[in-house]
Amino acid sequence: MHELILRIIEQGGLLGIFVLMALENIFPPIPSEVIMGLGGVAVSRGTMDFWPLMLVGTVGCTAGNYMWYWLGDHWGRTRLEPFVDRWGRWLTMEWEDIEKARGFFQRHGPWVVFVFRFTPVFRTMISLPAGLAHMGVGRFLVFTFAGAFIWNLLLVEGGRRLALWLADSQEVLGWLILGSLGVGLLVYIWRVITWKPRAER
């Protein structure tokens, strides 16, 4: 099974990595940890090149975040709040979460966009407050790209080293890959099932 997953990643190539990383920042069930980690495994197998993978994965991540930034910048609260209220369960957040993130952003400035790239949930959520605050698009893209690049570097190198370390234990590597995919999906399902608006908590 893990060989099938790896082949899908490998055959999808750089375009597949770009699409997956963009979608990961729009729709949460497929975590970047798995996508770029598997990219690192592919690098260790010689089926992908390190720097093209890094560049395309980071550009895809930046593109996905830019979508949320664009919505915040162009839609504003009037159009976004009903959207979040309607789809909050699947996004596993509500408008109050965005308001808190926006307050944090306004207190600490654009570096928050960079720092939050290293957190599981807020790395995508912070793009909306940045857009709502009309952060300069150039600065947003630079901070997002820089944070995503460092995070992806850790993931790709981690996947590559793990694959080399387990070169003679492919069964263990396979279970780790499947386990990572399973955990990512289960965490998202758990968040959707247990999520409630603050008024009902």
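**Entry 1: salt bridges**

I looked up the salt bridges and found 2 in the structure. I counted a pair when a side-chain nitrogen of Lys or Arg lies within 4 Å of a carboxyl oxygen of Asp or Glu. A note on the source: this is a predicted model, where local features need pLDDT of at least 70, side-chain atom pairs count only at pLDDT 80 or more, and totals for chains, interfaces and linings use all residues. Residues are numbered from 1 along each chain as its sequence is written, and side-chain values use heavy atoms, with hydrogens and water left out.

**Entry 2: who pairs with whom**

E157 bridges to R160, with the closest N and O atoms 2.6 Å apart, and also to R161, at 2.8 Å from N to O. **Entry 3: the helix behind them**

Helices here are DSSP runs of H or I with at least four residues, and strands are runs of E with at least two, numbered from the N terminus. R160 and E157 sit 3 residues apart in α8 (residues 137-165), about one helical turn. E157 and R161 are 4 residues apart in α8, again about one helical turn. R160 is partly exposed at 23% relative accessibility, while R161 is exposed at 53%. My cut-offs were under 20% relative accessible area for buried, over 50% for exposed and partly exposed in between (1.4 Å probe, protein chains only).

**Entry 3: helix α2**

I then turned to α2 (residues 32-45), where 11 of the 14 residues are buried, so the helix is largely enclosed by the rest of the structure. Among the buried ones are I35, M36 and L38. Just after α2, G46 has a positive phi of about 80°.
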